[in-house]
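This report is an introduction for a reader who is new to the structure.

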Amino acid sequence: MSTTPVKGIGKIIFSSSLGTLIEWYDFYIFGMLAKTISIQFFPEGNNTAALLNTLAIFAAGFLVRPFGALVFGRLGDLIGRKYTFLLTLVLMGASTFLIGLVPGYKTIGIAAPLLVLLLRLIQGLALGGEYGGAATYVAEHAPKDKRGYYTSWIQTTATLGLFVALGIIMLVKANMSDAAFNAEWGGWRYPFWISILLVGVSIYIRLKMSESPLYAALKKEGKTSTNPLKESFGHKANFKMVLLALFGAVMGQGVIWYTGQFYAQSFLENTIKLDFIQNREILLWAIGLATPFFLFFGWLSDKVGRKWIMLTGLMLGVIFYRPIFGTFLKTANAKEWRSQGIKMAHPVVNSTMIKIDTVTNADPFMSVTIQYSKTDWELIDGRKFSVTSADTVPVNQFKSVIKVDTKPVYSNVVLSTALKWKFISLVWVMIIFVTMAYGPIAAFLVELFPTKIRYTSMSLPYHIGNGVFGGLVPFIATLLATTFTTDPLVGLWYPIGVAALCFIIGALYLSNKIDKDVND
Amino acid sequence: MGLVWIILAPVIIYFLVTSAIQNVSSGGTKDINQPVPWIIIIGIFTPIAIGLMIFGYYAMKGEYDKLPESSEEI
């Protein structure tokens, strides 16, 4: 079977990658806007509960990915890669657009989060069918000594999808006030609506694609599988490879991917309390500068093998996550800045009253008014932060017995230019770990399984590793951090533990041999 | 080493179940005191842990000593 000429492979990669990138964009805008969405679709009151519920809905989309992998993987092995691709794209585009149309909790009550959950599940199913098809499609066109390099272009799409999601969100936010962005029908919906335009373009391009030559040949010879699910998971010889792929490679790669990018963003926003725009700016720079390394490590894996590049990425995460996140904490500690008495940019600090609450109980003599005021600080080197503090104002002359937390709360932290670049370089380092673990993995997975059941077999471990293990990183890490509040880095033990276990299994059982022939 | 994975799997499930029993409390106010997160986590990781046990069983039987290199071997 001759492979596609170089010129032709460029078109193949472009058409596969564009659609995959858009699907990742659709999937990630939800996570990027988790905090805003939690306010819109859940009742007011407990912000942490709302955030956790939103992250749970975010995680729900990940958890159904393996089911999507089974459904669409089976379709792809039965009817071909091309038409399955189209179906996943249509489903993803439609569900994303519709999320942007769901009214908020204030308008339709409990129906709001339920509708969003349903649409999120459809997104997850669609994504479950997309990736395995795209990687398989490109790999089946690629020459044997460049499979790692060509499939690494598909590997860039997840990170680039994140990049586009961040970019569009920032662009929308920069052009309107916070109030206009966060309103029920505000700017936060625009990234969801924009998706339908991107999906339309991609559908047009995909309609012009031809079927995978390997699959087409197999179909012509009558050698396609009649029951790819049974062949993938009912035969021990193949099922054991599915398990090896999951526990020896994808499980660890999934947590590394999500910790270095998604959890980093969530940590900077919710623990460090970094300003919204600066947080995303840091991610954008780090992603932009690290993305070429997907291609580098894909190329390198064609020369030296896939195994040790992937496993090194895992081990570096295990070793360096706590020091890196610890540096974030230590460097951006606004409370310490204030106590160090660093020079102010100007002598006047702005202090505004932002809210008044009245706390009452059965005895009217025991009520108390709580006054919240916010002070903005700016230091001479450009660092900024806000401090919100609460003071009690007794309603009457009796001393109130109601206890109020008057501890100051720090927020809207803005780093100086030098510190910002320090953060960018640290996030960049974590994304380099991602490029090592993720760059070669498409070629690795394709090479593990025969053509007739490849779409089904590689999709399932991939989406369990990334969807379940990786997708749950923000949820489990936040759950741990809000429970064991004495250690703000406690959430990292989940990805560290999973990556370490995966490293050991992969080191012991994976082969570093590159399969020269996937044409079987 | 296969035995290690076979043992590790039920240890993980045991750890999750006992943590759930310790933390779920009707009087608790933290999110970890609610049953739903635990139902989700245990429900998801239990089949994966069973998969780890099967993996350990295959490892113990030497199924990964030589990996297949073509479809004929599968």
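Asn412(A) is partly exposed, because 18 other C-beta atoms lie within 10 Å of its own. The cut-offs are these: a residue is buried with 20 or more other C-beta atoms within 10 Å, exposed with 12 or fewer, and partly exposed in between, the C-beta atoms being placed from the backbone. Asn412(A) belongs to strand E4 (residues 409-414) of chain A. Its phi is near 50 degrees, a positive value in a residue other than glycine. Most residues other than glycine have a negative phi.

This is a predicted model, in which local features need pLDDT of at least 70, side-chain atom pairs count only at pLDDT 80 or more, and totals for chains, interfaces and linings use all residues. Residues are numbered from 1 along each chain as its sequence is written, while chains are lettered from A and ligands numbered from 1 in the order in which they are written.

**Other single residues**

Lys273(A) also has a positive phi, of about 65 degrees, although it is not a glycine. Lys273(A) sits in the loop between helix H13 (236-270) and helix H14 (276-290) of chain A. It counts as partly exposed because it has 17 C-beta neighbours inside 10 Å. Helices and strands here are DSSP runs numbered from the N terminus (H or I over at least four residues for helices, E over at least two for strands).

Arg306(A) lies in the loop between helix H15 (292-304) and helix H16 (307-331) of chain A. Is Arg306(A) buried or exposed? It is buried, since 29 other C-beta atoms are within 10 Å. Arg306(A) and Pro440(A) are 134 residues apart in sequence, and their C-alpha atoms are 5.8 Å apart in space.

Ile319(A) is part of helix H16 of chain A. With 14 C-beta neighbours inside 10 Å, Ile319(A) is partly exposed. From Ile319(A) to Gly132(A) there are 187 residues in sequence and 30 Å in space, C-alpha to C-alpha.

Two packed helices are described by the angle between their axes and the distance between the axes. The axes are lines fitted to C-alpha atoms, for helices over the stretch in contact, and the angles run from 0 to 180 degrees between N-to-C directions.

| Helix pair | Angle between axes | Distance between axes |
|---|---|---|
| H4(A) (residues 65-79) and H20(A) (residues 454-470) | about 165 degrees | 8 Å |
| H4(A) and H5(A) (residues 81-99) | about 145 degrees | 7 Å |
| H5(A) and H7(A) (residues 111-139) | about 150 degrees | 8 Å |

H4(A) and H20(A) pack at an angle of about 165 degrees. That makes H4(A) roughly antiparallel to H20(A). Angles over 145 degrees count as roughly antiparallel, under 35 as roughly parallel, 65 to 115 as roughly perpendicular and the rest as oblique. The crossing of H4(A) and H20(A) is right-handed; a crossing has this hand if the near helix is turned clockwise from the far one by less than a right angle, and is left-handed if anticlockwise. Among the residues making the contact are Leu70(A) and Arg74(A) of H4(A), and Leu460(A) and His463(A) of H20(A). By class, the residues of this contact divide into seven nonpolar, seven polar and three charged. Ala, Val, Leu, Ile, Met, Phe, Trp, Tyr, Cys and Pro count as nonpolar, Asp, Glu, Lys and Arg as charged, and the others, Gly among them, as polar.

H4(A) also packs with H5(A), where Phe72(A), Leu75(A), Gly76(A) and Ile79(A) meet Arg81(A), Tyr83(A), Thr84(A) and Thr88(A). Residues are in contact if their C-beta atoms, placed from the backbone, lie within 7 Å. The contact of H4(A) with H5(A) divides into four nonpolar, three polar and one charged.

H5(A) and H7(A) pack at about 150 degrees. H5(A) is therefore roughly antiparallel to H7(A). H5(A) passes H7(A) in a left-handed crossing. The residues that meet include Phe85(A) and Leu91(A) in H5(A), and Leu119(A) and Ile122(A) in H7(A). In this contact 12 residues are nonpolar, eight polar and two charged.

**Domains and chains**

Chain A is divided into domain 1 (6-332 + 416-509) and domain 2 (338-412), with bounds from an automatic or database domain assignment. Their contact takes four residues from domain 1 and six residues from domain 2.

Chain A has 22 helices and four strands, and 52% of its 520 residues count as buried. Chain B has two helices and zero strands, and 14% of its 74 residues count as buried.

Terms used. Two residues are in contact if their C-beta atoms, placed from the backbone, lie within 7 Å.
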